[in-house]
Each structure stands twice: as C-alpha cells, then as structure tokens.
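Here are my notes on the model you passed along. I have set them out as numbered points so that you can check each one against the coordinates.

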Amino acid sequence: MKKALSTILATALLCGCGRRSPELNAVKAAAEAMGGKDKILAVMTLIVEGEGENSNLGQNRTPDAPLTVWKITNFKRTIDLSDGLNKGRMRVEQVRTAQFPFALATVSRQNMVLDGDVAWNVNEDGSPSSRLSDKTATDRRVELLHHPVTILRAALDPATKLSNFRKSGNLQLVDVLTANFDMLTLALDGTTHLPATVSSMTDQPNLGDVAIETSFTDYADIGGLKMPKRLTTKIDKWVQSDIRVSKYTVNGNAGDLDAPATVSSALAAPANPPVEVTSEQVAPGIWWLAGSGNHHSVVFEFADHLTLFELPESEARAKAVLVKARSLAFGKSLTEVIVSHHHFDHSAGLRLAVNEGLTIITQSGNVPWFKELAGRKHTIVPDELAGNLSPEPIKIKPVDDMLVLKDASMELDLYHVKDNSHSDTLLMGWVPRDHILVQADLYDSGWLRYPWADNLKQNVALRQLKVEKDVPIHGNIESWADVLKRMDAKEKEKP
Ligand SMILES: [Zn+2]
Ligand SMILES: [Zn+2]
C-alpha cells in the first residue's frame, strides 16, 4: 500500500512538472500565440493604462439589483518583474468617481502598491499608509498574475508546478502553482491558444470562498506581443472591474516601487484588528453600543429577553457587540437581531448570529439572500459558522411594511423605509415611549452631504413620528432638531 502511494505520488510529480507534459505543451503554445516565449521572458516592466468601471460589491439597492459602480479614469497598473516574478512589484493607480448617490467623497484617487510581500497604499497627500495585512499582500501578488504576460511568465518558470490539464468546451485548462504557493487556473482558447481567463480563489468575509476570474478579450498586437485590450474581472458572479486598455508600455520606466523603510520595517496589519465596543444608556432599557469605528448597534431590553438592532462591520466586531450586549441586563438572554439591510457592512454579523441560534429580523426582500449567505462555503478562512459541525438552520422573521415588537417592558416598531435610493430593503426603528428613531444609512452627522435627507423626512412624516432623538448606526446621537438643522444647512450648499 505504501509503495503504491509513493509510486502514484512520484508519477503525479513527474506529470506535474515534467517538461513535456500536456500542461507545458499548452503553455508553450500559448506563449507562441502571444508572440514567442523569448518575447514574454524579456518583459521586465509592463504598464497598462486605460479606463472603465469598478463595482461597489455588496452595496446594491436590493440583493438582486445590479451593483452600483464607480467610473474609473486615469487607470495605470505598473508591474515590475526585474527582481523576478516571485518578488514582483506592482502599483495600481486610478481615479474613482461614484455613479450613485454617495454621502462621502464622490471622487477619490487610489494608489495601491505591492513590493514583494509588503503591501501599502499611498494617501492622496502622497504619504504612505501603514503596512497592510498579509492577506492584502497575497491578494495583490495574485492580482499581479491576472494578466496573460505575467501568468505565462509564471507558467514557464521552472519553479512553478503545472498540473491537471483538462478541457472545458473550447478551453484548455491548466492549474498553475507558483513558487510562492499561489494557485491559479489558466484557461487557453483551444483555437487561438491565447489566454482566455485566469482564475484564483480567495476569501471575502461576507461571501466566503470566492473565485476571482479575469477574462482577456480584444487582443491586439503591441510591438510583436499580442495583448488584451479589455480586462474584465469577476468576483463570484459579479463583475468587479472592467478595464478598457488604451495603452501598453513594455519595458518602460516603472518608477520607484520600493516599499518605504517605515512600511517595510513595520509588522503587517493584523487580519482582525482589535475592536472596542462601548455602551451608553440612552433611555431605560436602551443602550447604544459604539466604540472603535463608525458602525454602532442598539440593545433593547424586553421583559424576558434582549433584542439587538444591527450586528455590523465584521465578525470580530459582531462578537464583541454580543459580549457587550449580554453584559447589560443580568439574566436576560439575547434572542434576536434586527439586520437593517443587506449591505455587506451591515450584515457582516449575520453568520455569527445564525451560529448562535439568534432569530434574524429583516425586511422580507433580504430573506432569500440571507438564506444563501448562511449556506455559503467558508473553507479558506473559516468563520464561526463554518466551524460549527451541526449548525441550526437560519431563523428569520421577515418584515414587510412594519412589525411591532412589544411587551410589558418595551415597544420597538420597525418600519420599511419607502422609496430609498440607497436600499429598498431597509428597516428603521421607532421607540414610541421615548420618541427615539434608530436609523442606518439615512443620516450621519459626519457626512459631507445628505442625499437621503428628503427621503428621511418623508418616511418620518409617512409614519407620523414625532422624533425627538436620533440614535444612529453611523455617527453621533443628536436631537432631531439638530439633525434637521444640519441636513437643511448642507442641503442649501447644493448647486
Ligand atoms: Zn447601506
Ligand atoms: Zn452604512
């Protein structure tokens, strides 16, 4: 048995890295189709310029709606392979302009850099950010390989393992395991032999295991090398980035891609930065949980249980919020969580809530999507629910137009926010006893503008609420008079 296994392993290794394997034949044919192996190996720097669109993942109006997008201009991706493919350096610069109502800067200039295993960003004022996480560095290192030139460089590298040659329709597929242990799948067009797609797996905290796939189309001859003029990257089923290339520069000046000493000598940011959650009683039996970040929660004490409004931002925050909430009312168990809407930042604690057997209260338009999220695979970065060998099925209490949660101790009314352009599956909370409004994404005192000021006022009028205090999921607690004053002042700045 032992001998048989070792023979199989030896055979597998021979097939995987044998230099006359079907994998290598396919890769060599692709290199030939692109303009020749020597031309590909001679690429030391590659600059890709163009424009297109980026999507705003997890921020659509309803779970099934198309994603909102950022228009991308001044796109420039600079790749430097002069220190070798496995110590690649890359800079991606672009200007993003929001094509949707947005309360923060609608235009932002991004500058994202990788130097080997060090990732950082350059702030708009030119200063470097602190060192980003190893996960970000890995994602960028793999992103560097999502181009025909770089993936073929990787596939032709003797230190790379090629395996699992197969066909799918007119595509030939080869798995590529780099010397950095990054695994990608290269798909070659069976007719032209040109690279059609590169795909790789990564973790997205809300979605879990996701495939990232870049398609290469509109090939053109660039100084004897065939290169795609269109690069379309999907994450899972959503287009994440769609770039139309206007210019390629081969072996041009890549500029300075060395990590600044302050960045390279620093420890990479932790995958889960520490979270602080504070509590502040805003009325009898009502606590506002704030702390680090700008995603808050609200706890309501009913006669025999606690109800939480929002479990946001990340699983780490969600855990800390549950600990804090449970410490507030001795002997009462937390049984249900209101998830205001489906956006990824607001539903980040959904799977943790499912794992803890809590009932999810949300607008009915979110129910199928939340069921799907609860069932997704999280094997790359397992979360608590993925680690639960016998999880209970998700428990959801859907809200159509409104729901009254009421007993002898507390009343919390939930209303569907009508005609909101940010989310059509959004709930807001109302405490009749204290005239408190609990809202997410309708108003934040820190915003630059208030795209939903009219919508907030209309929904308050529709429900005939005499609001005295806003207890928000983003921003500070304010009197309703101050909320109106701030929204009206900003409204007058509109052109
Ligand atoms: Zn939102
Ligand atoms: Zn929000």
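1. Let me start with the ring rule: rings of Phe, Tyr and Trp (its six-membered ring) pair if their centres lie within 6.5 Å, and planes under 30 degrees apart count as stacked, over 60 as edge-to-face and the rest as tilted. By this rule the count comes to seven aromatic pairs. One of them is Y443 with Y450, a stacked pair with 5.1 Å centre to centre and 20° between the planes. W447 and Y450 form a tilted pair, at 6.0 Å centre to centre and 40° between the planes. Ring pairs join Y443, W447, Y450 and W452 into a cluster.

2. A word on provenance. This is a predicted model, in which local features need pLDDT of at least 70 and side-chain atom pairs count only at pLDDT 80 or more, while totals for chains, interfaces and linings use all residues. Residues are numbered from 1 along each chain as its sequence is written, chains are lettered from A and ligands numbered from 1 in the order in which they are written, and side-chain values use heavy atoms, with hydrogens and water left out.

3. Back to the rings, now for accessibility. Buried means under 20% relative accessible area, exposed over 50%, and partly exposed in between (1.4 Å probe, protein chains only). Y443 counts as buried because its relative accessible area is 1%, and Y450 is buried too, at 3%. W447 is also buried, as is Y450.

4. Now the metals. Donors are N, O and S atoms within 2.8 Å of the metal (3.2 Å for Na, K and Ca); water is not among the atoms, so sites may look incomplete. The zinc ion (ligand 1) is held by H341 (NE2), H343 (ND1), H422 (NE2) and D441 (OD), at 2.1 Å. Along the chain these donors follow the spacing H-x1-H-x78-H-x18-D. H343 sits in the loop between β17 (333-338) and α8 (350-355), and D441 in the loop between β23 (436-438) and α10 (453-462), 98 residues apart. Helices (H or I, at least four residues) and strands (E, at least two) are DSSP runs, numbered from the N terminus.

5. H346 and D441 are both buried.

6. On geometry, four donors count as tetrahedral if all angles lie between 85 and 135 degrees; four count as square planar and six as octahedral if opposite donors are over 155 degrees apart and all others between 65 and 115; anything else is irregular. The site of the zinc ion (ligand 1) is irregular, with angles of 85 to 178° among its four donor atoms.

7. Finally, a sheet. Two strands pair if DSSP finds at least two bridges between them. Six strands form an open sheet in the order β20-β21-β22-β23-β24-β25, with mixed pairing. Its edge strands are β20 (402-406) and β25 (478-479), each pairing on one side only. Strands β20 and β21 (residues 411-416) run antiparallel and are joined by five bridges. L403 stands opposite L414 in β21. V404 lies in strand β20 and is partly exposed because its relative accessibility is 40%.
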